[in-house]
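I am keeping these notes while I go through the structure entry by entry. I start with confidence and then turn to local features.

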Amino acid sequence: MSRFRVSMDIGGTFTDVVAYDEEAGTYVAGKSSTTPHDLTEGVLDALATIDSHPELCGFTVHGTTQGLNAFLQRRGERVLLLATAGAGDVYHIARGNRTRLYDIHFRKPTPLVPRADIVEIGGRLNYAGEELEPLDVDAIRAAAHRAREEGFGAVAVAFLFSFLEPAHELEAERVLLEELGDAIPVSLSHRIAREWREYERTSSTVLDAYTSPVVRRYLDRLEAALQQKGLRVPLHVMQSSGGIVTAQSARQLSLQTLLSGPVGGTMGGVALARMLDRPNLICIDMGGTSFDVSLVVDGRPDVSTEASLEGFPLLMSVVNIHTVGAGGGSIAHAEAGGLRVGPESAGADPGPACYRRGGTQPTVTDANLVLGRVDPAWFAGGQMTLDVEAARRAVATLADELNLDPVELAEGICDVINAKMAQAIRTLTVEKGIEPREFALVAFGGAGPMHAAFLAQELDVPEVIVPRFPGAFSAWGMLETAIRKDFARSYFTPLADLHHEDLAAVLAGQEREAVEALAEEGISESAARVEHALDIRYVGQEYTLTIPLEGADEPAADGFPETLSSRFDAAHETRFGHANPGAPIELVAVRSTGLGDLGRAEPQRLGSRDGAGYPSEEQAIVFGRRERSARVARRDDLQPGSVVEGPAMIVEATATTVVPPGWTLRVDEFGTLTMELS
Amino acid sequence: MTAVRTLDPITTEIVRSAFSAAADEMNATLIRSAYTPIIYEMKDCSVALLDADHRVLGQSAGLPIFLGNLEICTRLTEEMYGREGWQPGDVWIMNDSYLTGTHLNDMTVFGPIFVDDELVGFAACRAHWLDVGAKDPGGPMDSTEIYQEGIRLGPMKVVDGGVQRRDVADLLGRNSRFSYPAVGDLGAQIACVRTGQRRLEAIIAKYGKETIDAARDEIFAQTERFERAAVAAIPDGVYRAEGSLDNDGNGTDPCWVRLTVEIRGDEMTIDLTETDDAKHGPVNCGEAQAISACRVAYKLLINPGNPPNGGAFRPLTVEVRRGSMLGAEEPYPCQWYFTPLGLLIDLVVKALADVLPDQAAGASYGDSMVIGITGIDHRNGRPWLDLEPTVGGWGAWRGSDGEDGLINNVNGSLKDLPIEVLETKFPMRMTEYAFRTDSGGAGRWRGGNGIVREYTIDCPEAQLFLWFERSVTPAWGLAGGGDATPPVVVVNPNTGHERRMLKASRVALVRGDVIRTMTGGGGGFGEPRERDPEDVRRDVRNRHVTPEAARDVYGVE
């Protein structure tokens, strides 16, 4: 019996599950404490809170941060890196750029592999993939012995031009397997990222070698335990690209899961875009100490082909998540007689003063508390009670120093951080060539709905959307995604020199690969969809734009160069505000994406119960430097059609929504809250 | 409003971040619409929003050596054409080295901002153009007069009353070897100025002119208070430093930069007047840029965390001698104006190192170390040009080793050219790209190592251009730390026709020729014998230090 479609989000403190009950046609969210000794216990507990268990699951998806945590805490595998002779230092030179211009104390991120653990291997290909010098097999054997004797946990192999011709890397893998068996996993750069630029490819490969064994062990353990407890369907895993794959294939390309943590939220935005018919969304995810922004444009997630993790580049498809400032943890302080908010953050530890963990400086969260914009008893679903007095003391101390009234300062702290967050979002949209006024703002995370209306006002965004389960929105979003497999390779040629048949053949090859990969995921050929695109630029440019194709055979069609040029010109115009029709363009990479729909939950329409009345209380909340009597309602008590005029506050287990004066909140048929300036 | 009160700190802070965000938005507009990688990749650009008295409201991080150097353009224009010369809808352009201080490739575009017929400020930006019609592509390495360095513009209108002047765009296009990107970058700069105009108008509309003025005065006062306190914390005294460039690109004599830094109370004076007279090679710069470079050094030491504004640099006075290398006058050439400035910035840090031991760092490898190789690609008959700055070592400071293989100050956030890209685009092979062991200065904290980058020519013939510097004054150490190894370039090493050179133009190359470039390291910090032996052994394991140097310099077996 498969009744539930379930997503599981196992965080450091809590395990969240969101399930779609196919019989009742309803969504339910469950929560329990994470159980580090056996994570399935927490999952089972959380499932139990919604009257479910593994046997009842017809579909499961899971977002894991195991790989990312191993990286962030630097407890990944010890990696031996094999590189082309003469280019062994590429990984440490790291392209030599400085990201902070006014800093004479600049250091690059410390590489994950020390220089002493990089072995240079003879053997060289040229720019056409032709062998100039044969592979030094003896050197590989010697490296294998070293890996075994010194107890390395993984081997990464990244040779020059392997993206064109992988023969040397494959030969290296064969020799390593011969010497080491499968005791030590091997990551080959051409499998991780079949693209040029050796530093970026090496960095991606090292990250894979460093984190993948951790992810694989974890998925083995989790899936086995869930199966033992009765799970009968494959476990799916979220990828950084916003798509999902089975745990089986995630084990083979674990790197793809690395940045999947916050991506569920953006994919939730994509689902909302579809459900509410609003194709352009700015998604803000604000927690106690974080603030992430992502975009949905024309109903699609904003995906890049490259990402950076603490300064280490990663060549893979990644939903763009921009971390902006520190959100609720930003510390307010005085400098030269002026007020500053951030960039220093109290983090989670000691955290805001109101956490009572030793923090004494006022943060944005403390300011919200002083203003009455957070219900101290309901913070984090009642798992944590906030100390209002501690927040008041912290704010009052700074207010004294700045000669301000404490309430005035508290609202000022929120005004400053709102202005800064809005400015950061505006700069981001300017960079992307997007006009914020054409977007709606989707707010989630515990603190997102608290600030959303203020941000919208600063940005001239007309509408704010607070989805259901804003604290577990990421888990909800995962339920709404499709299987996705990405394939890419470098394909460098001026358009003028393009062999059309060759390109069509490459695309056809990638299409076959994609269809096969989808079949392994249980997607039939008829349900599989493959999209193709080319990375293109004007000759002389550095950055490329990814231009979609109509199909694998499009390059063989008559007039293809003209079609492609004009499509590229139009995209360039949109993105950069200008184009150069007639200028020569060049192809840089070929991308194919296999997508397979697993079916998804039908949007659940809530019937309106008698009228739209709801119980509420009155509470004092500060707006415009003075206390106003505001209506406070529980979200569970609101019904489709309910209307709440600001000033008001809507509380629920995982978040607080603030409706400022002049704003009107409505509940739609899906239970979504929308706010507009009256 | 009742009581007369200075503006509250909340509004002040909101306005401060609005100014700063407006500058960021101008910068995003420029980078987004620029045509040439030199702008969007090297960030060889700078933007500022100014008030009606040419004071900086917001500036966005572009190239550090353009710091506080855009207001000079609006100021000088006003001196030439009067206050009444500013008219709504106008945008101006200028690039004269003796006015802007920089080389002719840097075009500054700026326009007045009016609200209700009142002049309220200016938006300005500067960007490096690929080519402005100098005698050699991009810019010469051996010019002797500014007339060889390209088209030279005093302030002139490029947009008149809201209408772009086609004749000016045409003139600029005709004077560039790459006219299309030149005109494109001009468009990007005008768009950037327009963004600044719109943002300041919106800020004034939102908060009101009076509030904005009050906030501005308070913001400037805060910055000035902050900086005066930092300067006052430095012991009073006169501190000196000097160093030289190898030569001016044409002659062989070293070119000396000499300076004194005087701290008296909360005032700092940097005196550059003892620097050499202007040179016949292109290493001179205009006064405005010399002042900017001093501001960069000052900022690195005094207030690195906050974006600059009109209250910044008030405690700083810079004295420049007209006719010197750092106060160049017509007709002295200025193409490599930044070469003495990299040295100047390091020298200010050196002068103050004893009294600011925690902020200071050993010198960096010091200059762009440019290699250019050009020819005709025999595979397709097309001309090619590979022009690359090269990374090197940076200085150590109290508490940390310097970075190995990092780009120099004046190249922004430039990335090196990947081997796979280089070999695909150009008929060359890169046979080695590696750290240069032992090239960083020794010290309790070790200076960063330079690098080795070796090219092998793979086409029938090509030409080599080089601009490598700082062999006479390599990166120095501080507090007992050692000096670094200077740069070396060898053509065909270990052969009968081996040649060493650092600066060169049009050297003939043939297939199989090898060019081995080696950049210098950064200076060390503290006595080498005090270095933790474990750190020395780690450096040996990682081949950053040879076992011999570990024994002889650090006393570690």
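**Confidence.** The exception I noted is residues 1–5 of chain B, where pLDDT stays under 50 and the model has 0 contacts beyond four places in sequence. I keep in mind that this is a predicted model, and I recorded its scores as ipTM 0.92 and pTM 0.91.

**Helix 11 of chain A.** I then took helix 11, residues 388–402 of chain A, whose 15 residues reach 21 Å from the first C-alpha to the last, close to the 21 Å expected at 1.5 Å a residue. Within helix 11 of chain A I listed the buried residues as Ala391(A), Arg392(A), Ala394(A), Val395(A), Leu398(A) and Ala399(A). Seen down the helix axis, these buried residues fall within an arc of 165°, so they line one face of helix 11 of chain A. This made me recall that an α-helix has 3.6 residues a turn, so residues three or four places apart point the same way. I traced the packing partners of the buried residues to strand 21 (330–335), helix 10 (364–371) and helix 12 (406–432) of chain A. After helix 11 of chain A comes Asn403(A), for which I noted a positive phi, near 60°.

**Arg75(A).** Finally I looked up Arg75(A), which sits in the loop between helix 2 (66–72) and strand 5 (79–84) of chain A. Arg75(A) counts as exposed because it has 11 C-beta neighbours inside 10 Å. I also noted that Arg75(A) and Tyr210(A), 135 residues apart in sequence, are 8.6 Å apart in space, C-alpha to C-alpha.

Conventions
Residues are numbered from 1 along each chain as its sequence is written. Chains are lettered from A and ligands numbered from 1 in the order in which they are written. This is a predicted model: local features need pLDDT of at least 70, side-chain atom pairs count only at pLDDT 80 or more; totals for chains, interfaces and linings use all residues. Helices (H or I, at least four residues) and strands (E, at least two) are DSSP runs, numbered from the N terminus. A residue is buried if 20 or more other C-beta atoms lie within 10 Å of its own, exposed if 12 or fewer, and partly exposed in between; C-beta atoms are placed from the backbone. pLDDT is the predictor's confidence in each residue, from 0 to 100. Two residues are in contact if their C-beta atoms, placed from the backbone, lie within 7 Å. The expected span of a helix is 1.5 Å times one less than its number of residues. The arc is that of the directions from the helix axis to the C-beta atoms.
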